[in-house]
Amino acid sequence: MQKDLEQRAKAFSLAVIKFTAALPRTREVDVLSRQLLRSATSIGANYREANRGVSRADFANKIGTVQKEASETLYWIELLIESGIAAAGPAKQLHRESFELQSIFTAIGKKLKQ
């Protein structure tokens, strides 16, 4: 399961990279797409690092970071959609995947606290 989720997070990062590369180049888009790229690619990177953590506490801490990055990613995608900058179709697909990833990592985080 860990490797599958790592691959899914990586695929999401690649999709965001392609999505942002296709956006028009304006000052506003550059700011939003940079923020989106940072948070979206951080999801997979931090999850990979969590899987290589030295303890359960280390893993839980990094999962918390992953949850925060997933939430932030949702925010930037929502801004791109609601501002009309991004085409609804591709952005909504990214939004759905980001929401699902956030839900998965939130469930992992809650289970760790039990």
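**Entry 1**

I started with Tyr 47 and found it buried, at a relative accessible area of 2%. I keep in mind that this is a predicted model. I then looked up Phe 105, which is buried too, at 0% relative accessibility.

Next I turned to the aromatic pairs, and the structure holds 2 of them. One joins Tyr 47 and Phe 105, with 5.0 Å from centre to centre and 55° between the planes, a tilted arrangement. This pair links distant parts of the chain: I found Tyr 47 in helix α2 (residues 27-51) and Phe 105 in helix α4 (residues 88-113), 58 residues apart.

**Entry 1**

How many salt bridges does the structure hold? I got 8.

I went to Arg 8 next. Its side chain meets that of Glu 97 in a salt bridge, 2.6 Å from N to O. Glu 97 belongs to helix α4 and Arg 8 to helix α1 (residues 2-21), so this bridge ties together parts 89 residues apart in sequence.

Arg 8 also forms a salt bridge with Glu 100, where the closest N and O atoms are 2.5 Å apart. Here again distant parts of the chain are linked, Arg 8 in helix α1 with Glu 100 in helix α4, 92 residues apart.

Are these residues buried or partly exposed? Glu 97 counts as buried at 19% relative accessibility, because the cut-off for buried is under 20%. Arg 8 is partly exposed at 27%, and Glu 100 is partly exposed at 34%.

I looked up one more bridge, between Asp 30 and Arg 25, with the closest N and O atoms 3.0 Å apart. Asp 30 is partly exposed, with a relative accessible area of 28%, while Arg 25 counts as exposed at 52%.

Which residues do salt bridges with shared partners join into one network? I wrote down Lys 3, Glu 6, Arg 48 and Arg 52.

Notes:
Residues are numbered from 1 along each chain as its sequence is written. This is a predicted model: local features need pLDDT of at least 70, side-chain atom pairs count only at pLDDT 80 or more; totals for chains, interfaces and linings use all residues. Side-chain values use heavy atoms; hydrogens and water are left out. Rings of Phe, Tyr and Trp (its six-membered ring) pair if their centres lie within 6.5 Å; planes under 30 degrees apart count as stacked, over 60 as edge-to-face and the rest as tilted. Helices (H or I, at least four residues) and strands (E, at least two) are DSSP runs, numbered from the N terminus. Buried means under 20% relative accessible area, exposed over 50%, partly exposed in between (1.4 Å probe, protein chains only). A salt bridge is a side-chain nitrogen of Lys or Arg within 4 Å of a carboxyl oxygen of Asp or Glu.
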